[in-house]
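User: Hello! I am new to this structure and would like to understand the words used for its charged residues. Could you walk me through them?

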Amino acid sequence: MRLAPLLFAAFVTGCASQSSLPPAPRPAPPAPATPAPAALVPVAIETVLQKPIYQMTPVEAGRYVAWAHAAEPDLRKRIAAIGRKNLGQPYLLNLLGEFPFEVHDDLPMFSLQQSDCVVFAEHTYAMALSRSWEEFFWMLQRIRYRDGVIGVATRNHYTEMDWNVANRWLLTDVSAALAGAHGPSYAMRVDRARFLKTRHGTERNIPVETSRQSYVPKEQVTAIASQLQEGDFVNVISTRDGEHWASHVGLVVLGPNGERHFLHSQEPKVREETFDSFIARALEREARNARAGKNGQRLAGFKFLRLNDNIVVPPMAPQPRPGT
């Protein structure tokens with residue numbers, strides 16, 4: 001009951017007479033505004049759209065990914081548009097690794113500036129499936145690694161038996177159906193344990209695996225081209241000394257008149273061409289090798305993987321705690 005009068009008196013005294021406390025210091029003039037970090041400055045989409053992706057910063061690429069998702073609702077068309085946004089991107093083989101997550105090499109986990117054939121396809125699919133930089137980076141690891149678990153031992157090294165299998169949620173192999181009942185096939189044998197030890201100095205106890213792979217011979221591609229759809233995944237099948245393997249990959253896109261084009265990253269840069277053009281260049285290379293007496297690889301045909309209609313992206317598996 002005594003608090004109210006005392007508080008009232010203090011209030012009146014403080015307003016009517018000089019306080020016994022030292023005078024309050026005069027406020028300092030406001031400091032000049034510190035410019036916001038570049039990463040926090042909003043990026044105008046008009047500026048971003050003037051650049052190819054390989055000249056963008058990650059902030060700009062994230063802005064572009066969000067814009068592309070809103071501007072083109074059709075996933076197949078979005079894949080083609082994003083892939084073409086990288087036309088001219090410089091080619092560099094064996095571009096990516098796990099650094100700094102793992103230190104078996106010093107290759108980074110992503111690069112916008114350059115690509116090889118697999119990196120180009122992975123980046124294009126991941127961007128087309130995403131709405132932000134963060135989602136793109138997550139999606140990239142989900143596509144690139146088995147169950148999304150990051151590590152050299154879980155990376156999809158072998159196209160036919162790792163990448164194609166691990167990404168069945170995204171694509172379905174239609175090579176056998178396109179080639180027909182009497183279409184060709186080849187046997188594969190994969191020794192992942194030996195590969196990891198000799199190539200990456202990594203010890204893993206992984207059993208040898210075998211498989212048989214169907215493909216469309218190069219002579220038949222023109223006949224089945226109309227059945228290909230935009231966004232389909234292409235494996236270029238090469239052969240040498242009786243062995244076959246996927247030596248190159250890329251994407252199917254539609255030309256201005258609906259013709260099927262091959263969009264891919266190959267020395268010296270990302271390019272778009274007809275399948276006839278790609279085959280003709282391969283035959284020219286084979287002729288040069290023959291004249292030089294070289295036992296080079298030869299083009300056998302193509303595997304085609306159809307982009308799924310109803311894509312459900314599986315969650316990543318839990319990232320295990322690294323061992324010693």
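Predicted model: local features only at pLDDT ≥ 70, side-chain atom pairs only at ≥ 80, totals over all residues.

User: What makes Arg155 count as buried or exposed?

Analyst: Residues are numbered from 1 along each chain as its sequence is written, and side-chain values use heavy atoms, leaving out hydrogens and water. Buried means under 20% relative accessible area, exposed over 50%, and partly exposed in between (1.4 Å probe, protein chains only). Arg155 has a relative accessible area of 13%, so Arg155 is buried.

User: Why is the contact between Arg155 and Glu98 called a salt bridge?

Analyst: A salt bridge is a side-chain nitrogen of Lys or Arg within 4 Å of a carboxyl oxygen of Asp or Glu. Here the N to O distance is 2.8 Å, so the pair meets that definition. Glu98 is buried as well, at 0%.

User: How do you know that Glu203 is exposed?

Analyst: Its relative accessibility is 55%, so Glu203 counts as exposed. Glu203 also forms a salt bridge with Lys197, at 3.6 Å from N to O.

User: What about Arg306 and Asp232: which kind of contact do their side chains make?

Analyst: They meet in a salt bridge, with 2.9 Å from N to O. The two residues are 74 residues apart in sequence, so the pair ties together separate parts. Arg306, at 18%, is buried, and Asp232, at 0%, counts as buried.

User: How many salt bridges does the structure hold?

Analyst: The structure holds 11 salt bridges. Asp162, Arg192 and Glu209 are linked in a network of them.

Conventions:
Helix = DSSP H or I, 4+ residues; strand = E, 2+ residues; numbered from the N terminus.
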